[in-house]
Amino acid sequence: MIESFGYVLAFLVAGTGFMALVLTLARFIRPNRPNDEKLSTYESGEAPVGNANVRFNPRFYLYALLFVLFEIELILLFPWAVVFGDKQLAAASENWKHFALFEMLIFIGILGLGLAYAWVKGYLEWEKPNIQAEDFKSPVPPKAYEKFN
Amino acid sequence: MSSILFIPLLPLIGFLINGLSFPKLSNPVAGIIGTIPPLAAFALSLQLFLQFDGNTQIVPLLDWISVGELSIPIAFQIDQLSLLMLLIITGVGTLIHVYSSAYMSHDEGFGKFFAFLNLFVFFMLLLVMGSGFVTLFIGWEGVGLCSYLLIGFWNKKNSYGDAARKAFIMNRIGDLGFLIGIFLLFQEFGTATYQEVFEAIKAGNGSNLGLIAFCLFIGAMGKSAQIPLFTWLPDAMAGPTPVSALIHAATMVTAGIYMVIRANVLFEMSPEVLHFVGWIGLATALLGAAIGLFQNDIKKVLAYSTVSQLGYMFMGLGASAYTASFFHVMTHAFFKALLFLGAGSVIHAMSDEQDIRKMGGLKSQLPITYITFLLGTIAIAGIPPFAGFFSKDEILAHLYHHDIVMWALAIVGSALTSFYMFRVFIVTFHGDFRGTQHQADHLHESPIAMTLPLIVLAVLSVIGGIINLPAFVGGNEFLAHWLNPILPEGSHEALEVHFASLEFLAPLAAAFIPAIFAIQLYGSKKAVPAADAEISGIQKIIYDKFYIDEAYNFLFVKPIQFLSQFFYSFIDFLIIDLLVESTGKFVKSSSNELRKLQSGNIGFYIFMMVAAIAIILAWTLKSWIF
Amino acid sequence: MTPVIALSLFGIINLFLGFTFKRQSLQVVTLLFIICSMALTAMDWNHEYLWFGDMMKTNNLSINFSLIIQLAGLLVVAFSNGFGKDEVYTQPAEYYAILLFSLVGALLMVSFQNLIMLFVGLEILSVAMYVLTGSDKRNLRSNEAALKYFLMGSFATGFLLFGIALVYGSTRSLYISGILYNLSHTAPESLPSFLYAGIILMGIGLLFKISAAPFHFWTPDVYEGAPTIFTMFMSTVVKTAGFAAIYHILDVTFGGFQKNWIITVYFITIITLILGNISAAYQQSAKRMLAFSSISHAGYMLLTVCANQPSTSSNILYYSLAYTLATAVSFAVLMVVAEYQTGRTEKPENFDALNGLAKNNPSLAFAFTVALLSLAGIPLTAGFWGKFFVFTDMFNKNLTYPIIIAVLMSAVGIYYYFKGIISVYFNSGEIEKIETSFLFKIALWSACIGTLVLGIYPTLLKSIF
């Protein structure tokens, strides 16, 4: 029983070792020119500092939801595949393969229908903020800016 | 089996159609929809009657309520008695529906009227078809309701509404007794189904039978207008005349008699109650006949005559002459319906005039009405060989053997009946016309839809006697044999009557002599009943119905009003209100406090929840924790 | 089995029909779907079988519950009037689809044989309800209600799951049959204490759903905030399904441990009765009053759960049906009146907004009255028999004190229900004739007639239940 956890330990060791190896290797190869932007934490394009009550753009959530949905589908597929490929089960019943296959097809089908529905409804469009053109007439001609930029 | 269910169902459907679509349906359509159900029900009843094999048939419909040990099924019972009642109700009912389609044709509530009539027929059928006292009671209350609705049909007039209410309240008094009787039955036997109750009684079970019979009879007193609960029936004449004919003469008021006959097993076990029934019947018969003597409203006369005839039927029941009583129920249905419809025809022709002093000499204008009314009068007076003679004579014959005093008094009542009926007949149809010119111009015979039922009923009134023609005049006593299975032993035995005996001649004399006297007085001498102001002496007392209404008013209504005033101003106001209101205030104020718990703060909500869960868990696991 | 599959399928179909169909035709289609699945449910009558890996069981009891739940759904859809006028904004197809999905959840809750399926059913139902509660997106109260419901609901679900885990830990099975088997083969002394904690926690999770005190706090706020049509759905479907589950858990599965949970459930019942009824008395808003009334009715139904007699299941069924019909009608009338009053009065769901309804809308007023009478338990309505059967059960169990409290509280109930009748008939107010759709009228009248028929002839269904 306890030996089975050896795999877990192996995963743990291998994972840590791989990360350490890669990061160390990179330390030697890459150029090293840090600035403030680069050193800050990644936070979906938002500034990571300031009040925690900042409003996140709900468009992220939509994607997050869809991501989680298909992530779960993916996770379910792994154990399913194991059972699907089980030779003993397949030998025990003639219809086993078909049954299991169609079951999963229905599952994916329903999820696919959901995705299709969201797609048709336009939920997958990244709604760009509609920026109003300012009607402020600047005394400086636009060409003048191009010179500076 | 299915056709049995259809019998009451059809009128109900008719009621629903007419009731829901009133006033959208045109009058002829409403009339047809209203008339077909009783006609079809009659056809079905006739078929049942002809196919009847002598075995009681129970058709279970539904288990109405079954709670604990109490179980009240609703089922229909088809036997000798209910079959005959079915035929009377649907047969006479159909004729009256036909009649109404012409009589009510100018009324704006035509469809409503037919809806109510159908509803009445439905409840009446339920009453007679029920297989137990509860079903009977449902029908009983239902016909009371319809009676109320139809008496107050012309509800724009206050006095009509009052009459309707009076009928309803008087019936309620009787119904209370009836209901107590049913409760007692449940207490004694745990059931109110006829068969089970009667089996139990025959087996000698149950005590308090006298009390139960008495309570049931109180119900019959209310419904069948016996002393002291009879004053509603004359007032009920406020309703349209077909209603009076159907409900207050032919069918509903005989429900009490039907009930006693149905429960004959019970009543036979309590002779003192039967005795009481007989004397109440006698008193009612005499009182009704006496008041009828000097009434001038054609419908009032018929109403008191109905009261009196119902008295005869109860007298017969008191003497255990069930067959004779039922025979009289049947013939009475024929001739009293005929008389009422005839009166309706007269009223119709006279432009809604009901006072016979303003009529007179109508025989030439209304020949069919005249002849049929005459036949009805002869029948009710008890002149042979018309239907009324045989049925009344049979009751009298039984009385003669039962109690000679009752018999003698009944003969007196019979004489009174003969007198007032011929009085009404002569004053209405003979002599000179005393109405206004306007009425004279509009005098006309009624349309065929009204005269046809008259003719049919007249024929039945004439030949109706053959249903139970006694053996000594060559009849086969069909009714007696037919009802034999459901009646106690010996109650139907043929009575030998000798043609030359006092027993036979006295009723004949009581029928003929007053008739001749009335014809003399009002026909030949052309006497007209005096105007209201000129009436005096005993006649005035009789004319004012012995002041019974006033006496009731003084004895019951006034004290109750006083008592209720007392209760209102003292007990209700000071004690009950205080109690009730302070309870209400307490609830309200505690509600106001509790309301504050609902603060809307979700943190508080969850805190309360967790606190409650903690307490509950601690309580549940206390033996492990402590 | 078939209705669960059918309803899921219908829900998906409904979503896509939304692209082409108009509001009204969607309503009709949804009605047809539900009728169809009711027919499928009824076809299993008298067939008892296990399905879905023995995790579900269909028998006559579950069929009766399923039919009542679907009837409630039918009424809600018929009353829905296509969810307002604003088609783009209200997304009728999605709401109908979610309604159908939540019915699936409710059906799972009435026929589960495995605690996981109870949890799954409860969550399908609840998540759908969270969404529907907040469906009035522009209304802050609706949003607030949805969030409150979601927070407290997930809290309660947590307890339910914890309870399931504890029960699993002590009985080594999630199947009802397995639990019963293991319990009967273990000496009572050797059962771990956390089994009892598990039973109680599962009970609490379910009692939350039927809004028994002191887990009722969400009810008034959520009922008031949610769009009325979904309040109707919540108070009928969720409650019926919740009671089916409570009956199954407490009386059927853990009936043998009654002495461990009965005192707790008693107190909860009595507190529910008192809190629900007394708080309702002071309410000015008819909708909020109905929310408290829903709490108090949960109390009455819990009485029969406490009694745990052979007739308990049929009593719960009868009470649920009576309550469903009456509640649906009262919410429906309140909804159309409030829609009419919006903009005319400040609080369109207060009793005052109903003033004078009878004058120009006699049928609405009559239906409302019948419904309130039934809720108050006046004879000749279904509600009377519902209470009557419950009290009979209590008498048979010799539980006198709870009955006295229950009877006193139903007297309080008459006070606040009659407030509605008084404002409809006796107070003066100006309400013009309110036009309602044909389906609305049919649903209103059938529910009304159903209430009366069940009131006059209770044995009609008592013999089936």
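Modeller: Let us begin with the UniProt record, an unreviewed entry, whose annotation "domain: NADH:quinone oxidoreductase/Mrp antiporter transmembrane" covers residues 134-417 of chain B. In this predicted model, residues 134-417 of chain B are 76% helix and 0% strand, with the end C-alpha atoms 36 Å apart.

Colleague: How many helices and strands are there in chain B?

Modeller: Chain B has 26 helices and two strands, and its C-alpha atoms fill a box of roughly 110 × 60 × 50 Å along the principal axes. Of the 626 residues of chain B, 50% count as buried.

Colleague: Why is helix α11 of chain B said to be largely enclosed by the rest of the structure?

Modeller: A residue is called buried if 20 or more other C-beta atoms lie within 10 Å of its own. Eight of the eight residues of α11 (residues 255-262) of chain B are buried, so the helix is largely enclosed by the rest of the structure. Among these buried residues are B:G256, B:Y258 and B:R262.

Colleague: What makes C:R172 count as exposed, and what makes C:F52 partly exposed?

Modeller: The limit for an exposed residue is 12 or fewer C-beta neighbours, and the residues between that limit and the one for buried residues are partly exposed. C:R172 has 11 C-beta neighbours inside 10 Å, and therefore it counts as exposed. C:F52 has 15 other C-beta atoms within 10 Å, so it is partly exposed. C:R172 is placed in the loop between α7 (140-171) and α8 (176-184) of chain C, while C:F52 is found in the loop between β1 (49-51) and β2 (56-58) of chain C. Each has a positive phi without being a glycine, about 60 degrees for C:R172 and near 55 degrees for C:F52.

Colleague: Which peptide bond is cis in chain B, and what is its omega?

Modeller: The cis bond joins B:I227 and B:P228, with omega about 5 degrees, and B:P228 is found in the loop between α8 (209-223) and α9 (232-235) of chain B. In chain C, the peptide bond from C:A213 to C:P214 is also cis, with omega near 0 degrees, and C:P214 has its place in the loop between α9 (193-209) and α10 (218-225) of chain C.

Colleague: How do you know which chains touch, and which pair shares the most contacts?

Modeller: Two residues are in contact if their C-beta atoms lie within 7 Å. The nearest C-alpha atoms of chain A and chain B are 19 Å apart, and these two chains do not touch. Of the two pairs of chains in contact, chains B and C share the most contacts, with 29 residues from chain B and 29 residues from chain C taking part. On the side of chain B that touches chain C, α25(B) gives the most, with eleven residues, and the residues of that side divide into 18 nonpolar, eight polar and three charged. The contact between chains C and A takes four residues from each of them, and the side of chain C that touches chain A has four nonpolar residues, no polar and no charged.

Colleague: What scores does the model carry?

Modeller: The model scores ipTM 0.89 and pTM 0.76. For chain C the average pLDDT is 90, and 98% of the residues score at least 70. Where pLDDT is low, the predicted coordinates should not be read in detail.

How values were computed
Residues numbered from 1 in each chain as written. Chains lettered and ligands numbered in written order. Predicted model: local features only at pLDDT ≥ 70, side-chain atom pairs only at ≥ 80, totals over all residues. Helix = DSSP H or I, 4+ residues; strand = E, 2+ residues; numbered from the N terminus. Nonpolar A, V, L, I, M, F, W, Y, C, P; charged D, E, K, R; others polar. pLDDT = per-residue confidence, 0-100. UniProt positions renumbered as here; feature names shortened; annotations may be inferred.
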